[in-house]
Amino acid sequence: MVEQRFSTAIAFAAGALVALAICEVARFRTFSSNNTHQLPSRRLGLEEDDDQKGIESTIGNTPLFVIKSLTEATGCTILAKAEFLNGAGGSPKDRVALSIIQKAESAGLLVPHSGDTIYEGTVGSTGISLATLCRARGYLAHICMPSDQAIEKSDLLLKLGAIVDRVRPAPIVDQAHFVNQARNLAAEHTADPKKPGRGFFADQFETEANWQAHYEATGPEIFRQSGKNLDAFVAGAGTGGTISGVAIFLKAQLPDISIVLADPTGSGLFNKIKHGVMFHPDEKEGTRRRHQVDTIIEGIGLTRSTANFEAGRELIDDAVKVTDAQALAMARWLVEKDGIFVGSSSAVNCVATAQTALKLGPGHRLATVLCDSGTRHLSKFWNQAGNVAGATSTRLQDVLQAQDRP
């Protein structure tokens with residue numbers, strides 16, 4: 001009798017399990033038939049939004065890592081946002097270029113595969129990002145850049161399918177200035193009925209799409225990746241978009257954070273932050289006739305204030321002036337100590353970050369930006385920096401006290 005009851009119980013349990021299994025199979029088949037189109041995208045980690053497919057999907061969410069040598073030398077945690085790992089043009093300008101294009105498309109100012117051409121005046125990185133994304137999204141790129149920039153930048157632009165005009169350096173008030181030339185060419189394109197599509201001037205120095213890209217993405221990424229714990233953020237200003245956008249976001253989250261401008265020789269932004277004026281009092285801002293003081297630093301430094309810089313200027317607490325010699329020495333230091341190979345603007349950022357860390361004292365956390373690879377600076381900046389060779393004993397003091405050659 002006991003054996004019979006036991007057998008009955010086993011049979012009942014087995015039947016229940018079979019029924020449950022049948023139900024689960026039926027539920028899975030129903031789910032699969034209703035959601036088949038979603039499964040491949042979920043499996044591949046892709047989104048339905050077209051902007052998350054193709055080369056555009058490689059932009060943003062760059063790593064934030066510790067620069068070990070500067071951390072050990074200053075007693076502060078020095079974090080670097082590896083913006084050279086953006087996957088389109090290899091710089092923070094990927095974010096800006098995509099933001100500009102997306103906003104123009106939303107406003108009906110750009111139509112893919114219509115013959116529309118994007119014009120921009122740039123010293124290199126924005127042009128490279130635009131050239132890459134133009135091809136990805138169905139446009140052509142026409143880039144105007146100063147002829148004193150590293151030749152590998154214009155060579156790369158040509159390989160990316162852009163039209164490139166290398167123009168003589170000139171002040172912004174001169175129509176020969178590279179930005180003014182790009183603006184004029186865009187207008188001429190639009191007015192010419194023989195040219196397909198329209199000309200669109202990207203206007204990276206003045207468009208809100210620039211700083212907004214960093215407010216919406218770069219700033220939040222730094223905040224999250226740093227563990228929401230930072231005492232200072234240090235960056236240079238080429239257009240002003242990065243430092244303004246990140247500052248606007250971080251100040252709202254960390255009111256006590258210090259925002260510090262890194263500024264190279266020849267730029268007037270250091271004086272703008274420190275003294276409220278760009279240059280000598282008898283020079284009207286924005287009307288300087290001479291070209292900026294000669295420097296080998298490319299990508300940051302301005303002789304005028306832009307809309308993007310002004311967007312966050314009031315949030316900038318301090319500024320550090322960095323010489324060419326200090327930038328060259330820092331670039332060599334980063335290779336010697338960390339195996340990090342970056343360009344001139346990144347080296348300026350790291351000098352200013354180290355100086356800020358020493359000023360704050362041990363135990364603080366600082367973040368900065370590594371903008372692009374040194375491979376874009378071989379013929380000019382790294383030609384002067386020379387080979388690191390077997391160097392192993394450089395001190396941070398040597399870097400910060402480096403003197404420009406007469």
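Reader: Is Thr218 buried or exposed?
Author: Buried: in this predicted model, Thr218 has a relative accessible area of 1%. The cut-off for buried is under 20%.
Reader: Which helix does Thr218 lie in?
Author: Thr218 is part of helix H8, which covers residues 208–225.
Reader: And what does the Thr218 side chain make a polar contact with?
Author: With the side chain of Arg95, at 3.2 Å.
Reader: Which residues does Thr218 touch, leaving out those up to four places away in sequence?
Author: Arg95, Ala213 and Val246.
Reader: OK, switching to H13. How many of its residues are buried?
Author: 13 of the 17, so H13 is largely enclosed by the rest of the structure.
Reader: What about its length, how far apart are the end C-alpha atoms?
Author: They're 25 Å apart. H13 runs over residues 344–360, and at 1.5 Å a residue its 17 residues should span 24 Å, so the two agree.
Reader: What comes just after H13?
Author: Gly361, with a positive phi of about 100 degrees.
Reader: Now confidence. What's the mean pLDDT of the chain?
Author: It's 87, and 83% of the residues reach 70 or more. Over residues 1–48, though, the pLDDT is below 50, and that stretch has eight contacts in the model beyond near neighbours in sequence.
Reader: Where else does pLDDT stay under 50?
Author: Over residues 288–292, for which the model has 14 contacts beyond four places in sequence.
Reader: How should I read the coordinates where pLDDT is low?
Author: Not in detail.

Notes:
Residues are numbered from 1 along each chain as its sequence is written. This is a predicted model: local features need pLDDT of at least 70, side-chain atom pairs count only at pLDDT 80 or more; totals for chains, interfaces and linings use all residues. Side-chain values use heavy atoms; hydrogens and water are left out. Helices (H or I, at least four residues) and strands (E, at least two) are DSSP runs, numbered from the N terminus. The expected span of a helix is 1.5 Å times one less than its number of residues. Buried means under 20% relative accessible area, exposed over 50%, partly exposed in between (1.4 Å probe, protein chains only). pLDDT is the predictor's confidence in each residue, from 0 to 100. Contact means heavy atoms within 4.5 Å. A polar contact is a pair of N or O atoms within 3.5 Å; within protein, one must be able to donate a hydrogen and the other to accept it, and residues adjacent in sequence count only if both atoms are side-chain atoms.
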